[in-house]
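Please go through the points below with the model open.

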Amino acid sequence: MNGWRGRILRINLSAGQWTVEHPDADVYARQIGGRGLAGSYLWDEASRPWDDPEMPLLFFTGPLVDTASPTSGMMTVMSRSPQTGTVGDGSFGGSLGTALKKAGWDGLVITGRARTLRGIEIEDARITLVEAAPLSGRKTPELYARLKGKGAVVLAGPAAEAGVRYANLIVDGSWAAGRNGLGLLFAAKNLKYIAVKGSTTTRVADPGALKRAQEDVQRLLSASPFLLGDLGIGRYGTAALYDLIDARRMMPTDNFRRTRFDAARGMNAHAFHKRYAPHRTGCLGCTILCKRIASDGRILPEFETLAHFSALLGNAEMETVMEANRLCIELGMDPISAAATLSCHGEIRRRHPGPREILSLLQDIGAGRGIGKALGQGAAVYAEQCGKPEAAMAVKGMELPGFDPRGAYGMALAYATSTRGGCHMRAYPISSEILRKPVATNRFTFSGKARMIKGAEDLFAAADSLTACPFVFLAASLEEYARIFTAVTGLETSADDLLSAGERIDYSERIMNFRNGFRGTDDDLPARFFEEPGTGNGHLEIQPLDRDEFLKARAVYRRIRGLDSEGRPTGEKAAELGIAWSGETGG
C-alpha cells in the first residue's frame, strides 16, 4: 500500500489492552484519512455522552503525512465535543502525525478509562501503558520537558483536570489541538499524555511525479504576497492579519459591540516582531513556517489570540497578550474561548478586566478556582447562568474568533453553518472577502456566498483528510493536490474526486449532529449582529446584518448542501453521496 500504512491501533484503557485493525483499501480510498477516516470511526459511537468511557478519542493521519508533500505535517483529532455536543475535531501541526505514521500507524483509536492516570508510549509496534500519577497537575512546559525524549508528545494540562470545557491538547509543547474542548477527553479517560516514536518510512507510488507537483505548489506559495511576501504570514506569522482586519472595520472589540480598535497600530505583528525579536518555525513539511518564538522562548500569539486578548478586551498592553498566550499554553486551554468568555464576563458586570485581572482570571480558570470555575464552562453556559444569554457571542456553544461577521457576510454564513460551532476554519471566506484570493468578492453582500461557503467547506474537509494546511489553499488548489495524492497513493484522482469526498465527509458530520439533536435553528448568529452596527469612520459604515437577507442566503445554502427546508439532512442526499443512513433521527 502506498501513502497509507494499512494499520489502525486501537487501545482499550479499561482493559489495558491493544489490538490492530486493517481497514480495506476501499475504506481508505473513500475516507482518505485524517478528518474523513476519523469520522468513519466516530459514526457508530457519536451519540454516546462525550464522557462515556466507550466514546472513542481518535487521532488520524492522512496519506500525505510522512511524504515530501507540501504542508504534510498536519493530523486530526476527533471525538464528540464536551463544549458543544457537536462532532468535535481539530487539525493541528507539530511532529505527532509524522511520528505516528513513521511508527506504522494511520490512526489511533482510544476507548475506555484507565483505573489510574496513565500515559501511552508508542515506539513502532511496541505499545506501553505507563503510570502517570506523578504528572497530575503539572503545567504543559514541565510535562513536555520530561517527556520530549520519548518522541512526539500530545498531552493535557491542568485545565483539563479542572474540568474546563474548552481545554486543549498541547502537542510538542506549543502546538494546540484547539477548540471543542477535546482536552477533557484525556481527563475523562484518565489519560495524561501520548508519546510516539517511529523509525519506518511511508512508501510513495511515484516519487518523480510527487517532486514535480511539490515544486509547482512551492512556486505558487512563493508567488503569494500574503503567504511568503515581505509583509505576509511567512514573515510575521498569522498576526500579519491584525492591521488588515482592523483597517476593514471587522476587528471584534468590546465583546463584538464595536469593530474598530483604536490601539491596533501599536499592537500589530510588526510591533510584536520589533519588541520580541522572534525566530521562525512551523510544522514538519512546511515552508510557510507561520509560528513565531520570541527571543525569551515564549510563543508569539497567532492572530485570533492577539485580537481577542487585545481588542475584544480593550487591552492595549502587548506584554499582557504575551502572558495570556503563555498561560493558555501552560494550562492547556483554548485562548479564543478563554478571551471571549472573559469578554462576556466583562459585559455582564459592565467592566472589562484590566491587564492584571485578565492574567489572574486565566489562572483561576485553569485551576477551577473561585469565579474561574464558572468561567471555565464557556461563554454560552456562563451567560445563561447569569441570566444574560444575549452576552455570549457564540454559535452552537462555541465562542466566535477574531472576525466580525458584520464586516464580511460570507463569514456570517460560515459561522452559522459550521458543523463544529462558531469556527472560522470550516470555510475561511476571509480569503475571498478580505485577501481577494482566489477571486475577489463583495464582502457586504450575501449574493453568491451560499455556493462559496459550501464549496469551501468541501475543500477544507478534503484538506483536513489528506492532510494539508488550509493556508496552502490561499495559493495552490485541489488541482495540484489531486496530482500529489495520485503520485503518493497511485490512485488516479481528480480535484472533483477530492471535492466529492469532502462533501461526503461534511454531510456525514451533519448527520451525526442531527442524530444528536441539532436542528436548522442552531445554524444562526447571536441577535447582536442583526440589531447593532459596527464601528464606522464616515467613509465606511458597518451596518447590522439584514436578517431577511441572511435567512435567504441560509435557505439557498441548505438547498445547495442537500438539506431540507428546515436544515435537516435527508436520506435521499445521503444515498446520493453513498452514506448508509435512513434519514431517521436514530440513524
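1. Asp 243 has a relative accessibility of 30% and so counts as partly exposed (buried is under 20% relative accessible area, exposed over 50%, partly exposed in between, with a 1.4 Å probe and protein chains only). Asp 243 belongs to helix α10, residues 241-247; helices here are DSSP runs of H or I with at least four residues, strands are runs of E with at least two, and both are numbered from the N terminus. Leaving aside residues up to four places away in sequence, Asp 243 touches Ala 264, Arg 265 and Asn 268, where contact means heavy atoms within 4.5 Å. Between Asp 243 and Arg 528 there are 24 Å in space, C-alpha to C-alpha, and 285 residues in sequence.

2. On the basis of these values: this is a predicted model, in which local features need pLDDT of at least 70 and side-chain atom pairs count only at pLDDT 80 or more, while totals for chains, interfaces and linings use all residues. Residues are numbered from 1 along each chain as its sequence is written, and side-chain values use heavy atoms, without hydrogens and water.

3. Six strands form an open sheet with mixed pairing, in the order β2-β1-β6-β3-β4-β5; two strands pair if DSSP finds at least two bridges between them. Strands β2 (17-21) and β5 (87-92) are at the edges with a single partner strand each, so one side of each has no neighbour in the sheet. Strands β1 (residues 8-12) and β6 (residues 107-111) run parallel and are joined by 5 bridges. Leu 9 has Leu 108 as its bridge partner in β6.

4. Helix α13, residues 318-331, has 12 of its 14 residues buried, including Met 318, Glu 323, Asn 325 and Glu 330. Gly 332 follows α13 and has a positive phi, near 75°.
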